Amino acid sequence: VEKHHTLLGEGLSGQVFSFEDYAVKVYKDDFSEKDDHLMLTNLDAHPMFPKLHFQNDKFIVMDQVKGYTLAQLRDAGYKLKDAQFRQLEKAIEECYASGIIPHDIHLNNIMLDENGNVKIIDVGRFFYSDHKEDYIEKIQEDLDKIKYHCGIFSLFSSSRRRHRRHYTSSHPHRHYTSSSHRHHHHRRHRPHHHSHSSFSFSFS
């Protein structure tokens, strides 16, 4: 495969190659968790995630996003616009509202496409949880790091601690999941228990 197709990226679970207008993720032989297709299927209606076209236990085929990762843009000196970050923030809120924990979001699995829209290209470590409130702080931390590295504000500044805005999902009744998949739970980390009375993100 490597001899005939351009390598787009590589992660813990496998390598992603370009094939015409598609991105083909080839799983590593020793990688056991291959649930990307389940998550992409349930996020099929969401415009910020690539559309899944085919899957088996060896690889998946999805839309290839034309553009640059946030890591590439950062290295080129590009600063993410507030409106673009808000696209990302909104997608994360909507996933959370549907019981999906967007684990492992970082600069290499988020892109800006050719039209300047944010796309989340890797959901391999997203998972479902019946205790989503346990993960709010980690999600906030990941988003804060993205903001910092994309030049939007200083990481963990004093103003962040003093002034906090509260957001809820713009579509609290809109779900991108199937009830048949609600039984899926995270298998990598034991959740930390925090007391939260309601769903509410807190961002700077």
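Strands β3 and β5 pair in the antiparallel sense over 5 bridges, where helices (H or I, at least four residues) and strands (E, at least two) are DSSP runs numbered from the N terminus, and two strands pair if DSSP finds at least two bridges between them. This is a predicted model, in which local features need pLDDT of at least 70 and side-chain atom pairs count only at pLDDT 80 or more, while totals for chains, interfaces and linings use all residues. Residues are numbered from 1 along each chain as its sequence is written, and side-chain values use heavy atoms, with hydrogens and water left out.

**The sheet of 5 strands**

- The pair β3 and β5 belongs to an open sheet of 5 strands, whose order is β1-β2-β3-β5-β4 and whose pairing is antiparallel.
- At the edges of this sheet stand β1 and β4 (52-55), each of which pairs on one side only.
- Neighbouring strands of this sheet are turned by 20° against each other on average, direction ignored, with axes taken as lines fitted to C-alpha atoms (for helices over the stretch in contact) and angles running from 0 to 180 degrees between N-to-C directions.
- Strands of a sheet pair through backbone hydrogen bonds, either parallel or antiparallel.
- Strands β4 and β5 run antiparallel and are joined by 3 bridges, and a hairpin leads from β4 to β5 through 3 residues.
- Within that pairing, F54 has V61 of β5 as its bridge partner, while the bridge partner of Q55 in β5 is I60.

**The sheet of 3 strands**

- Another open sheet has 3 strands in the order β6-β8-β9, with antiparallel pairing.
- Its edge strands are β6 and β9 (118-120), each pairing on one side only, and the twist averages 30° from one strand to the next.
- Strand β8 (residues 110-113) runs antiparallel to β9 and is joined to β9 by 3 bridges, with I110 having I120 of β9 as its bridge partner.

**The largest pocket**

- The largest pocket has a volume of about 820 Å³, a volume being the space filled by probe spheres set on grid points that are joined across faces, edges and corners.
- On a 1 Å grid over the protein atoms alone, a pocket is an open set of points with protein on both sides within 12 Å along at least five of seven lines, whereas a cavity is a set of points where a 1.4 Å probe fits but cannot get out; lining residues have an atom within 4 Å of a point.
- The lining of the largest pocket comprises 36 residues, of which G9, V16, N108, I121 and D122 lie nearest its centre.
- The elements that give two or more residues to this lining are β1 (7-10), β2 (14-19), β3 (22-27), α1 (36-42), β5 (59-63) and β6 (67-69), and β1 gives the most, with 4 residues.
- By class, the lining has 14 nonpolar, 13 polar and 9 charged residues, where Ala, Val, Leu, Ile, Met, Phe, Trp, Tyr, Cys and Pro count as nonpolar, Asp, Glu, Lys and Arg as charged, and the others, Gly among them, as polar.

**Helix α4**

- Helix α4 (residues 136-149) has 14 residues and reaches 20 Å from its first C-alpha to its last, close to the 20 Å expected at 1.5 Å a residue, the expected span being 1.5 Å times one less than the number of residues.
- The buried residues of α4 are I136, I139, Q140, D142, L143, D144, I146 and K147, where buried means under 20% relative accessible area, exposed over 50%, and partly exposed in between (1.4 Å probe, protein chains only).
- Just after α4, G151 takes a positive phi of about 80°.

**Loop residues**

- Most residues other than glycine have a negative phi, and most peptide bonds are trans.
- E20 lies in the loop between β2 and β3 and has a positive phi near 55°, although E20 is a residue other than glycine; E20 counts as exposed because its relative accessibility is 57%.
- D104, in the loop between β7 (100-101) and β8, is not a glycine and yet has a positive phi of about 65°; D104 counts as partly exposed because its relative accessibility is 27%.
- L43 is found in the loop between α1 and β4 and counts as buried because its relative accessibility is 1%.
- L43 and C95 stand 52 residues apart in sequence and 8.6 Å apart in space, C-alpha to C-alpha.
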